[in-house]
Amino acid sequence: MSIESLPDVILQYILSHISNGRDVAYCNCVSKRWKNSLAYIRSLCFSRNAFDNPPHDEDSDIVVRRMVSAVERLEELIVFCPFSPSGLASWLALAGPSLSYLELRMDNLGDTAIVHESPSKLDCIGAAMNLEILKLWGVLIERIPKWDEFHNLKILEVVGARLEDAAVNAVIRSCPNLTKLLLLGCEGVQSISIDLPFLEDCRLDFYGLGNCSLSLTAPKIESLEVQGCSWIRVPETKHLKKLSISNSAGRVYMIDFGKLTALEALSMRGIQWCWEAICKMLRLASDVKHLFMKVEFTGDYDALQPFPEIDFVDFFNSHPKLLKFDIHGAMFAALCQKNSLKHVDSDFVIPCLEEVLITVRSPLNAEQKMSTLESLLRYGKNLRTMVIKILQMKGSHNSADDFFDEICRFRYMHREIIRIE
C-alpha cells in the first residue's frame, strides 16, 4: 500500500507531525492533496540556516508568513533564522491567538537601532497572549515592552540578554502565573524583584561585576539557582528542596532566607563570601542531605581572608542528615585545625554520611589533614565512598611529595572505600 492510497484523515495525521520548515516546503510540492493536508500541522520550526538559499529572492519574513498562513491552528512556532519586527508582527497577527509555545532567536543585542524600533520585536510578542511557554535567545530588554498580562504563561526562559532593571521587572510582572523562570547569561541587572505566587523552579545567571541584589517572593519555590548576586532575600522557603548560590565575579555579602526545613541539596560557590553569610547559610541548612562547598575566601571587604577554624564535631552534629559532602580547599582546611579533634566524645558518630569528595590544594598542615581524613572514616559508620582530588601543589622541601605519599598509603589501607583522582 502506498502512502497516496491512505485515507485523508490518516495522511493528515502523519503530516501533522512534520515541523521542520524545509520539510514542510518539500511536502507542499508533492501534490495538492499533500498541500491541503499540511493545514493540520501543529508545529513549525525554522532552523538557523533555513533560508540560506531562499526561493525567488524571498526573505524569511515572507516565506514564514506564507507557511504560517497555510496552517489552520498553529500551536508551536520556533524561529532561529533572522527575521524583522514587521515579519514577526505579521506571523503573530495570524497565529498569535492559537500559539501555546513560542521560541525565538531575537539576535538584537548589538543592534543600536533597536531602541528606536516601534513596535520592537519584544512588543510584537504581545499578540500571542495565550502562550504557555516563551523562550527568547539573544534579546535586548532595555525598555518596558507593550504587553498586557500573559495569564496562561507557565514557563519563561531568556538566554543571553542585556537587561535594564525596570524593563526586566516589568516583564516578570506581566507573567503572574509562572511556574518556571530562567534568566541565563544576562548582563546589566543591578536589582531584580520577583513576586510570583506559583513559581516552583527558578534559575538566575547574571554576569558582570557580581553585585546584583535579588528579592524573591515565591511561596511554592522548590528549586533555586542564583549566580552573580551579592544580596539575596528569599523569605518564603518552606518548600525549597534545592538551592545553589554562586558568585564568580563579586562577593556574597548578605543572605536572608526563611526556614529551610525541606532543603535537601545546597551548593555554595564563589571566590569570596562574607563569613556571616556562610555561617548563616550553614545554620539554616541543618537538615541538608547533599552539601557542595567551594568558596575560596572569606572577609567582609576587599581583603581576602582564609576560613577560620570550624569544629569538626560541631559541624557534623549540626548536620545530622548529611549523606553526601563535597569539600573544596578552604572548607576542608577549616575542618582540619588541630584543636577540632582534641576532645571527641566516645559516643560521637556521623550517622548518615555515605559519600565524601575532598579537593586538596596545599600540603600545609598535612598532619591535621590526614587526621581529618582518618576521622571521617572512623566516625562515618556508613561511609561507602571517599574521593580525594589532589590539585597541583606548590611546596618546598618535598612537602607536597611527602603529603601525596601519605595519602597514597592511606588509600592503600582503605582501598575498598577510597580512590584518588
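In helix H11, the buried residues are Gln368, Lys369, Met370, Thr372, Leu373, Ser375, Leu376, Leu377 and Tyr379. Buried means under 20% relative accessible area, with a 1.4 Å probe and protein chains only. Helices are DSSP runs of H or I, at least four residues; strands are runs of E, at least two; both are numbered from the N terminus.

A word on the source. This is a predicted model, where local features need pLDDT of at least 70, side-chain atom pairs count only at pLDDT 80 or more, and totals for chains, interfaces and linings use all residues. Residues are numbered from 1 along each chain as its sequence is written, and side-chain values use heavy atoms, leaving out hydrogens and water.

Back to H11. What covers its buried residues? Among the elements are helices H9, H10 and H12, and strands S17, S18 and S19.

Next, a helix pair. H4, residues 60-70, packs with H5, residues 85-95, at an angle of about 5°, axes 9 Å apart. Axes are lines fitted to C-alpha atoms, for helices over the stretch in contact, and angles run from 0 to 180 degrees between N-to-C directions. So H4 is roughly parallel to H5, a label for angles under 35 degrees. H4 brings residues including Val64 and Val68 to the contact, and H5 brings residues including Trp91 and Leu94. Contact means heavy atoms within 4.5 Å.

Last, Leu44. It sits in strand S1, residues 43-46. Its relative accessibility is 0%, so Leu44 counts as buried. Leu44 and Val71 are 27 residues apart in sequence, and 9.5 Å apart in space, C-alpha to C-alpha.

Definitions and conventions. Buried means under 20% relative accessible area, exposed over 50%, partly exposed in between (1.4 Å probe, protein chains only). Angles under 35 degrees count as roughly parallel, over 145 as roughly antiparallel, 65 to 115 as roughly perpendicular and the rest as oblique.
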